[in-house]
Amino acid sequence: MSKAIFITGTGTDVGKTFVTGLILKKLNESGKNAAYFKAAMSGNVYSETGELIPGDAVWVKQASGITQPVREMCPYIYEHAYSPHLASRLEGNPVRLDVVKKAFAKVCEAYDYVTVEGSGGILCPLDIEENAVTGFHDSFRNTPGKSTGFPDEQFIPSDQSIVPNKLITPDKDRRPLWLEDVIKELGLACLIVADAGLGTINSVVLTVEYMRAKHIEIKGLIFNHFHPGNVLEEDNLRMCAWRTGLKVLACVKDSDHELDIDAEELSALYKMQGEEKR
């Protein structure tokens, strides 16, 4: 039966994809049948044939040496480097939880260890109907005499979502979908990736407290962009471990090609699929 874990971060650009690649490399080189999965991926570019290339998936595959086809790794791929809820609002094809679950289950059927990477930090909106967002109507909705702020705009009725040159009729039955909903629905425990530098105590503790309030299991912390001997960063590790009670599992330097953790210790963090969701 497949085992899986979720990699989240304290924010965007803390190095989740880099660390995820090292995690998968460690598993792969230890003989584990390992795979990568990401529900939604933004900020991608088109190939010469007009196909969106899932950049994070390609990088992880190359860095780790896994044989999994890239087409299995991510069901939702967007061009705009925005949160998935906004990228899909501009491009279409909004994230659906049932599609994510089906794609994830298919990967779990074929591989023993599945590493799931999140988008941005833990509070990442995957699909939010614009009409569900209230309080800032003048900024995000067009009303008579008001500008949407989009180029080539058209005045549109207030009961329709704003997309440049496009009208989308709201789906009254659509519920907001957040990253935490995917984690819970898939029954995953998490590793948190954080930057080792200034400000990380606040970011780590707030992320941990939020996840605990949402009853999401946390297995430990991994610090990226680490500089051994740096007084500030060494203290950040101690403070974060002390304040959260979580173990610092590894520290990663920008030049690292290996994750400094035993392969068996790493694989033991993965949770058997089908276990009771927490």
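1. C108 is buried, at a relative accessible area of 13%, where buried means under 20%, exposed over 50%, and partly exposed in between, for a 1.4 Å probe and protein chains only. C251, at 23% relative accessibility, counts as partly exposed. The structure holds zero disulfides, a disulfide being a pair of cysteine sulfur atoms within 2.5 Å.

2. A note on the basis of these values. This is a predicted model, in which local features need pLDDT of at least 70 and side-chain atom pairs count only at pLDDT 80 or more, while totals for chains, interfaces and linings use all residues. Residues are numbered from 1 along each chain as its sequence is written, and side-chain values use heavy atoms, with hydrogens and water left out.

3. The largest pocket has a volume of about 520 Å³. A pocket here is an open set of points on a 1 Å grid over the protein atoms alone, where a 1.4 Å probe fits, with protein on both sides within 12 Å along at least five of seven lines; lining residues have an atom within 4 Å of a point. The volume is the space filled by probe spheres set on the points, which are joined across faces, edges and corners.

4. The lining of the largest pocket consists of 29 residues, and T12, D13, K16, K38 and G120 lie nearest the centre. By class, ten are nonpolar, 14 polar and five charged; Asp, Glu, Lys and Arg count as charged, Ala, Val, Leu, Ile, Met, Phe, Trp, Tyr, Cys and Pro as nonpolar, and the others, Gly among them, as polar.

5. At least two lining residues come from each of α1 (16-29), β3 (40-41) and β7 (113-121). The largest share, five residues, is that of β7. Helices (H or I, at least four residues) and strands (E, at least two) are DSSP runs, numbered from the N terminus.

6. D13, one of the residues nearest the pocket centre, is found in the loop between β1 (3-9) and α1. D13 has a positive phi of about 70° although it is not a glycine, and at 69% relative accessibility it is exposed.

7. H215 is another non-glycine residue with a positive phi, of about 60°. H215 sits in the loop between α7 (200-213) and β13 (218-224) and is exposed, with a relative accessible area of 58%.

8. In helix α6 (residues 179-186), the buried residues include L179, E180, V182, I183 and L186. They lie on the same side of α6, because they cover an arc of only 160° around the axis, taken from the directions from the helix axis to the C-beta atoms. Just after α6, G187 takes a positive phi of about 70°.
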